Amino acid sequence: MNSVINRIQQDHQNTERLLQLIERETAHLEHGDFTNVPLLSDIMHYFVNYPDLYHHPLEDQVFAVMKKRDPSSAAKVDQLYSEHVQMAEASEGLLERTMELQGNAVTPRGKLVQEFRDYVRQYRAHMNREEQELLPAAEKVLEAADWKSLEKQFATGADPLFGQILQRQYQSLYKVIMAEAGK
Ligand SMILES: [Fe+2]
């Protein structure tokens, strides 16, 4: 397996850890239990600032090369592009509404719970399709030189939460992730 695919899969595993935290807090919110709203807002801040800003554009580059090498993959690749756009919009919306909730605005909780549930479901389905279909297809048609030039581009865009340097913004979120990992 090449390092580009490795990085994408690592990002997906990290994303799954965050989706599980969203599910846990969303269940608390639904049942009227204590909900760690700042945690939810940190997670959404991360989604807006790493996957939507770096991970998806990097994947877009991989799939753009695939489309060039294998034009029959165009429809699937275009579908993926549009999902990346939709996911970025959904992340922005959820970040905004979570911050409103944090600021004690009267936010309809049931609607927010449903919105989070849809987000988690769509995210998982999307990552599964990339891992099961798109990445194996890319591995078949991309050449060694393609991966090499993609690798260079992947060197930028360090992960501010799971990468080598933890950004101050994500310190509390990181502690929660570590505590979960130790369970
Ligand atoms: Fe992805």
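**View 1. Aromatic pairs in the predicted model.** A search of the whole structure finds 8 aromatic pairs; rings of Phe, Tyr and Trp (its six-membered ring) pair if their centres lie within 6.5 Å, and planes under 30 degrees apart count as stacked, over 60 as edge-to-face and the rest as tilted. Phe47 and Tyr123 form a tilted pair, 5.1 Å centre to centre, with 45 degrees between the planes. Phe47 lies in helix α2 (residues 37-49) and Tyr123 in helix α5, so the pair ties together parts that are 76 residues apart in sequence. Helices (H or I, at least four residues) are DSSP runs, numbered from the N terminus. Both Phe47 and Tyr123 are buried, meaning under 20% relative accessible area, while exposed means over 50% (1.4 Å probe, protein chains only).

**View 2. The iron ion.** His12 (NE2), His55 (NE2), Glu59 (OE), Glu59 (OE) and Glu130 (OE) coordinate the iron ion at 1.9 to 2.8 Å. His12 lies in helix α1 (residues 3-31) and Glu130 in helix α5 (residues 109-141), so this pair ties together parts that are 118 residues apart in sequence. His12 and Glu130 are both buried.

**View 3. Helix α6.** Asp146, Trp147, Leu150 and Phe154 are buried in helix α6 (residues 144-154). The face turned away from the buried side of α6 carries the exposed residues Ala144, Ala145, Lys148 and Lys152.

**Notes.** Residues are numbered from 1 along each chain as its sequence is written, and side-chain values use heavy atoms, with hydrogens and water left out. This is a predicted model: local features need pLDDT of at least 70, side-chain atom pairs count only at pLDDT 80 or more, and totals for chains, interfaces and linings use all residues.

Definitions and conventions: Donors = N, O, S within 2.8 Å, 3.2 Å for Na, K, Ca; no water. Helix = DSSP H or I, 4+ residues; strand = E, 2+ residues; numbered from the N terminus.
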